[in-house]
Amino acid sequence: MNRIKSITGSFSKLGAAAAALIVISIVALRRPGGDDARRALLVLDGACALIIVAAGRTFVRLRGHVRALRDAETGIENQTIVLEQQAARLVNKEREIRALNQELEVRVEQRTRDLARANQELEAANRAKSEFLANMSHELRTPMTAVLGYADLLLDDDLTAEERQAHVSTIRKNGEHLLSVINDILDLSKIEAGRMTVERIPCAPSQILDDVVSLLHVRAVSRGLALQVRYETPIPEMIRSDPTRLRQILLNLVGNAIKFTERGSVQLLVSCDAARRRIAFEIADSGIGMSREHVERLFQPFTQADTSTTRVFGGTGLGLAICHRLAGMLGGDIQVASLLGRGSSFVLTLEAGPLDAVRMIDRFRVPAPAAATGPLPSAQLAGSALLAEDSRANQALIATFLRKAGVVVTIAETGRIAVEEALAERAGESGFDVILMDMQMPELDGYGATRALRQSGYRRPIIALTAHAMDGDRDKCLAAGCDDYLTKPVDRDALLTKVADWIQRSRSSPPGPATLPAGGPVPTLASTLHAPADVALGSHFSALAGEPEMVELIRSFVEHLPGCVAELRETMECGDREHAATIAHQLKGSAGSYGFPIITDAAARLEHALRDGASEAALSQASRELASLCLRARACPAAA
């Protein structure tokens, strides 16, 4: 700016000088004497030239300064714009920081609340588990105390026969309760671990209802209650579900209703929505009822509706949690409505499967009272058995059951001794009719002993005895070569029934040579299925042959069996073991529902042999057994 002012002053001075020179030249021109005028003009011309040169230089300088000034002004403007943009960005950053701070504060508050809630839930879960463990301890110790105490009382020689019988009955009752508690814990653990599986096979809801009423009728009568079943709508004769799990749910729900009802009745109301393929079972009682708060906690596995109720009525609080989860696995749910002091209603709703061609039943048939069961007659169990068991207590118990039923029992304390006894007996051309094999023994366990026997060509029945009751244990035993499976604690009636069945089958179908002829061909599965079945062994009939409404269904199933055998044969001829295993699996699921458990067992053995890559010899044996049983099956004695 100072330079501009200086240049402007110079221009002003030059202008004044130029004006003075012009005045002087005019004055000189007007005076007489031309010489002076000419000299003046020359001076004036020189001065003007100097002025013009100075003005030009000054103008150039001025233009340069003006340009620099404009450039400076443009730079200032650009810098101003940049500063304004930076200021705007800073303002936006400040706003973003404030927003982030607010969001962070909100998140911190939310996380704090979440942590507080999680801590409360954790404390509640710990309290619930502590209460659960306390209840479990009570539920386990109470019957165990009774078992041990009454066992001590049995040592008293002065007991009368009636007192001794009462003590034994008490021990058995408490032992059954212990087993029930353990089964509940195992079921829940399998569900929690995702190892519980359900089937979708044909089953008769009316038959399941018969079973439930037969089992619980005496308990209801003993409490002075009426146990009633009514069909609200016609229900299907057959549905596709898991009959074992459905029976388990209904037994638990109806059993609870009886337990918590002091007077009045327990009703089981059944209805079906054919359009939606749903079947519903409502269990309504006139018992103590529950508050809304108790209902909300009802299906939590480690929480009971009321711990005081548990102290009065007993129970682990696991049954309903198990039922609720099983219902979900079967495509259904359990809904609860209850009024404190008035009673409760539990509604179990399940998927029923396709119902288009299924006959409907409109009336419940009251089942006949269950006949009292006692020991099986000795004649039914005449035979010999090898008991491989290392526990002296179990040896004495199981051997006593069998000997009292007429079985000749030989005891082996290890798996190695069992193998030696079985092979030695076989060499003497008599052989044991059945082997009962404990799966955990010293020296050689039951799995190794069974494999060793099968590899040596031993073909007589082997029944596994094991305390393992988790999913997969039965499959493991069958894969080792066992024919059947029993869990401990051993139920006497179940033991005698299985032994009787296998003795009969062993004697009606004696094993062939222990080993194949040297160099002889190994029969293939396909050739085995082409071979004629052992029809001469006699027909076997459905366990449901006495149910008039089941006869036609069973007859249709039996007529379908030869086709199953033919399809299995064709599949194996193509070498498709996977498809053959699928056919065996389907047959395993359906045969039991129609009253043919031995076909179910044989199909299971074949399925496992196929899936485990068994040898052709093993497949031949399993397939021939299945084919024989299928072709000998009959709906009822009249059809034989």
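**Note on the cores and the parallel sheet**

1. The largest nonpolar core holds 48 residues, and Leu 209, Ile 249, Leu 250, Val 254, Phe 281, Ile 334 and Leu 348 touch the most other members. Such a core is a set of buried Ala, Val, Leu, Ile, Met, Phe, Trp, Tyr and Cys residues joined through side-chain atoms within 4.5 Å. Buried means under 20% relative accessible area (1.4 Å probe, protein chains only). Elements giving two or more residues include helix 3 (161-192), helix 5 (243-259) and strand 8 (343-351). Helix 5 gives the most, seven residues.

2. This is a predicted model: local features need pLDDT of at least 70, side-chain atom pairs count only at pLDDT 80 or more, and totals for chains, interfaces and linings use all residues. Residues are numbered from 1 along each chain as its sequence is written, and side-chain values use heavy atoms, without hydrogens and water.

3. Leaving aside neighbours within four places in sequence, Ile 249 is in contact (heavy atoms within 4.5 Å) with Cys 323, Leu 326, Ala 327, Leu 330, Ile 334 and Leu 348. Another core, of 32 residues, lies apart; Val 565 and Leu 610 are among them.

4. Pairing takes at least two DSSP bridges.

5. Strand 10 (383-388) and strand 12 (434-438) pair over four bridges. Leu 386 has Ile 435 of strand 12 as its bridge partner.

Note on methods. Buried < 20%, exposed > 50% of the residue type's maximum accessible area, 1.4 Å probe, protein only.
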